[in-house]
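Open the model in your viewer and keep the selection tool at hand. The stops below say what to pick next and what is found there.

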Amino acid sequence: MPALQAKFHWLEEAPLAGAYTMAPHPELTPNALVAGEYQPQLEKYLEDRVGFRTWLIRMRDQLSLSLLGVARSTDLLVGRDNVLFQPLPVNAYLGKNFLGEEEIRYRVRRMRIVQQELTKRGIPFLFVMAPNKARYQPEDLPAYLRHVKRGPTNYDIFIREMQANKINLLDLSRLFALWKDTTRYPLFPRGGTHWSGYGVALVADTLFARVEQVGGFDLVNFRREGPVKVTSDSVQGTDNDLSGPMNLMFPYQHYKMAYPRVIFDSLQAGQQRPNLLISGDSFVWGFMHFDPYLQTLFTPESRFWGVDETVFIYDTHFTRTGEDLNQGDFRQQIEPRQFIMMLVTEHNLIYGRFIDRLYELYHPLTEADNSKIKVIEQQLMSQPGYSDSLWARANRENRGFEEVLQGEARTIYDHTER
Amino acid sequence: MALTASLLFYAWGGLNFLALFLASVVVNFVLIRYMDRATNWQKRIYLIMSIVINVAMLFYFKYANFFVENASAMRGYLGGPPLTWEKVVLPIGISFFTFEKLTYTIDVYRGVNKPLKSFWDFMLYIMLFPKMIAGPIVRFHEIADQLTDRTAFDTIDHKLAGLFRFVIGLSKKVLIANVLGQEADKIFTLAPTDLSMSLAWLGAVSYTFQIYFDFSGYSDMAIGIGRMIGFQFPENFNNPYISRSITEFWQRWHITLGRWMRDYLYIPLGGNRVKPARLYVNLWTVFILSGFWHGAAWNFIAWGAFHGLFLVLDRLFLLRIYKKIGVLSILPTFAITVVGWVLFRAESLSAALAYMKQMFAGSWSELPYFTIEFWATLALATVFSFMAALPRIERWEIGTLTAERFALSRTLAQGFVTAILLILSVSYVIGSTFNPFIYFRF
């Protein structure tokens with residue numbers, strides 16, 4: 001029956017949600033056959049297309065969730081009342097990815113220098129801390145995590161240090177916590193990891209007012225108008241980004257989610273659409289998907305750089321520009337901007353590449369620096385057993401030995417001398 | 001039909017070894033034909049030739065790497081440069097089909113059975129796909145008649161029973177062994193410093209159930225497919241964890257291997273009819289070889305030696321103690337088995353010893369989080385493994401698994417259970433490779 005269904009598709013099977021790839025049809029060659037490479041590839045190809053596959057997967061996922069409280073999809077934790085979480089934000093909230101106070105102080109110190117350099121060039125900088133669902137509603141975490149002893153978190157120390165270093169900071173995590181008891185509609189969805197459409201709408205007022213204040217701009221006006229659409233059946237945008245890929249047999253029970261109608265005025269005299277560069281994580285998409293804040297308020301030359309340095313334009317299709325930040329003149333990527341914003345949630349605080357790049361732009365290594373780094377390399381190599389551990393690391397990370405050694409020496413130099 | 005399917009099955013998994021494998025089957029067949037016609041010392045020569053060829057093949061493909069690695073290590077120890085060699089690839093199923101070729105040779109030599117007249121029947125015996133990769137090890141005399149005439153077992157009831165048995169095996173593998181294996185794998189890959197005593201025992205117990213439900217699941221599937229196509233393969237497991245001694249354990253665990261070792265190794269060494277000291281040496285030798293058969297590594301040899309030691313201790317005094325404590329002897333026997341499986345599961349002998357150290361001398365701390373699925377599966381595995389300690393349940397179980405005739409009500413009930421288990425297992429198999437990501441990047 002599965003073979004017949006696979007061949008003739010008599011019964012319609014809804015496609016599965018989530019990001020996955022289907023195995024391609026392997027090429028049959030004598031060599032592949034004899035080497036035993038063709039066989040497993042064909043098995044995978046057929047397995048991905050076997051009849052009733054989607055039903056069977058949905059059944060398994062539903063049974064796992066309903067009977068065992070386990071989500072089969074990658075990176076999902078099922079909390080109280082089937083509230084879904086991702087492990088990384090939860091770990092960040094528990095302090096499991098803590099960088100250490102010294103490292104955070106070092107990073108924020110660099111951020112302050114970057115902010116100063118940008119300000120000198122007339123480019124305002126704003127750091128926006130997006131909220132973390134695990135921090136926002138820890139009471140809904142899975143039972144075994146609710147009682148875990150929390151350690152110091154990157155969030156706490158970064159905020160403290162950023163305030164101490166006078167970084168332009170907007171802590172939306174704190175704002176969410178303040179709104180939590182009075183909000184009319186959920187600020188986080190039950191089946192999603194990002195702020196809800198309603199949460200984005202509330203935050204947008206605060207965020208763009210702050211951009212106006214820090215940048216000295218007058219942005220295009222927008223406002224919420226008319227009745228708020230409330231639904232639990234047809235949630236929008238990222239409000240089901242975790243529940244969707246669970247691929248259940250029966251509909252996932254969402255909270256009643258609200259979607260305010262946002263009206264954007266046209267550009268008035270004295271207003272402007274600045275060129276905004278955002279370096280951030282997936283929370284940025286909320287300002288494009290629910291309503292076109294970024295598309296409307298900022299110039300088309302504006303860009304969104306993901307934490308992995310993929311470059312996107314502002315739209316709802318995740319359109320990449322294909323630009324490679326390692327190629328070309330980095331200064332040209334930065335200095336035409338009229339505003340630079342970092343927007344990340346706490347589990348992505350561990351990424352420091354963006355600030356490092358900006359720091360290097362304005363404080364490039366000198367010959368003297370390079371000589372000192374060479375000395376550190378030599379000191380490292382003279383330590384007994386050090387080269388063995390470096391070789392092991394190079395193999396593990398599939399990198400060259402020299403590259404790992406230079407990186408190590410450079411990190412030590414940056415942390416001690418610069 | 002069965003032979004064609006078997007050839008395709010083998011070719012699919014090991015096309016590059018098919019020619020070698022077929023050549024060895026042809027040589028074996030011809031030698032045994034000659035042996036059957038020969039007399040006295042000539043007969044013995046053919047016997048020895050056949051055994052040497054088969055054992056040499058097994059040694060080359062399965063153990064060459066092991067011996068060269070050890071020689072290289074020894075050379076390094078003595079200050080010489082390490083040996084370089086191209087690793088030998090292991091043909092699938094060689095451990096099992098070598099033993100079957102040997103039983104054919106020896107059974108014919110002993111006159112237990114006449115040799116098969118048809119080469120194709122012989123090839124079918126060796127290649128029969130359900131049991132080829134992981135057993136049961138079918139001794140020639142157990143199946144000789146069925147190779148030429150299977151009408152007695154070619155009934156609807158047998159096919160239904162076969163399907164039921166196959167699905168039971170699949171469920172054991174997919175719904176129990178795989179779930180426990182996932183966690184056992186995680187625990188066994190931890191560094192000893194991260195392993196508390198409680199976690200080490202949990203990992204060892206999980207693996208104990210994993211290997212039972214995995215291996216016996218494969219045997220059930222082989223027996224089930226065999227019944228569906230008209231063959232009656234011997235049973236390979238009989239609730240081994242309710243054994244009251246290691247001696248009994250080996251009458252219930254991998255039964256066909258135990259019998260093979262007994263008939264073709266232990267008895268030729270003198271069996272029970274030797275002085276006690278010699279008997280103990282024989283027992284130990286057989287079990288060390290059995291461990292080595294399971295895998296070409298020191299930890300497998302140690303595993304065999306560990307079991308051999310307890311078989312000797314059984315005969316020396318343990319059986320008398322067990323008799324006194326009755327059913328409670330299941331517990332120490334199970335504990336010995338659990339410890340033994342650590343030797344079997346670990347990546348090396350030193351890793352096994354480090355793991356065992358944590359089991360007996362580690363610190364006792366709270367267990368980390370495991371899902372309800374894991375605990376529920378572990379509980380199920382425990383119940384299914386020990387429930388046959390009640391004689392009534394054991395009788396019911398054996399009756400259910402070996403039934404040859406079905407009343408309508410039983411057919412319906414069994415059919416319903418089979419359908420549910422089949423759908424569940426297939427959904428788990430298919431779903432296990434489907435793990436969509438929420439985001440591709442961040």
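How many salt bridges does a search of the whole structure find over all chains? The search finds 45, a salt bridge being a side-chain nitrogen of Lys or Arg within 4 Å of a carboxyl oxygen of Asp or Glu. This is a predicted model, in which local features need pLDDT of at least 70 and side-chain atom pairs count only at pLDDT 80 or more, while totals for chains, interfaces and linings use all residues. Residues are numbered from 1 along each chain as its sequence is written, chains are lettered from A and ligands numbered from 1 in the order in which they are written, and side-chain values use heavy atoms, with hydrogens and water left out.

**Stop 1: a pair in one helix.** Select E103(A) and R107(A), whose side chains meet in a salt bridge (2.9 Å, N to O). Both belong to helix α6 (residues 101-120) of chain A, and because they are 4 residues apart there, about one helical turn separates them. Helices here are DSSP runs of H or I with at least four residues, strands are runs of E with at least two, and both are numbered from the N terminus. E103(A) is buried at a relative accessible area of 18%, and R107(A) is buried with 18%. Buried means under 20% relative accessible area, exposed over 50%, and partly exposed in between (1.4 Å probe, protein chains only).

**Stop 2: a loop and a strand.** Next, pick E323(A) and R303(A), a salt bridge with its closest N and O atoms 3.3 Å apart. E323(A) sits in the loop between β9 (311-312) and α14 (330-334) of chain A and R303(A) in strand β8 (residues 303-306), so the pair ties together parts 20 residues apart in sequence. Here E323(A) is partly exposed, at 29% relative accessibility, whereas R303(A) is buried, at 17%.

**Stop 3: two helices of chain B.** Move to D220(B) and K172(B), which form a salt bridge of 2.7 Å, N to O. D220(B) lies in helix α8 (residues 197-228) of chain B and K172(B) in helix α7 of chain B, so the bridge links distant parts of the chain, 48 residues apart. D220(B) is buried at 5% relative accessible area, and K172(B) is buried at 14%.

**Stop 4: a network.** Select R110(A), D356(A), E360(A), R410(A) and D414(A) together: salt bridges that share partners join them into one network.
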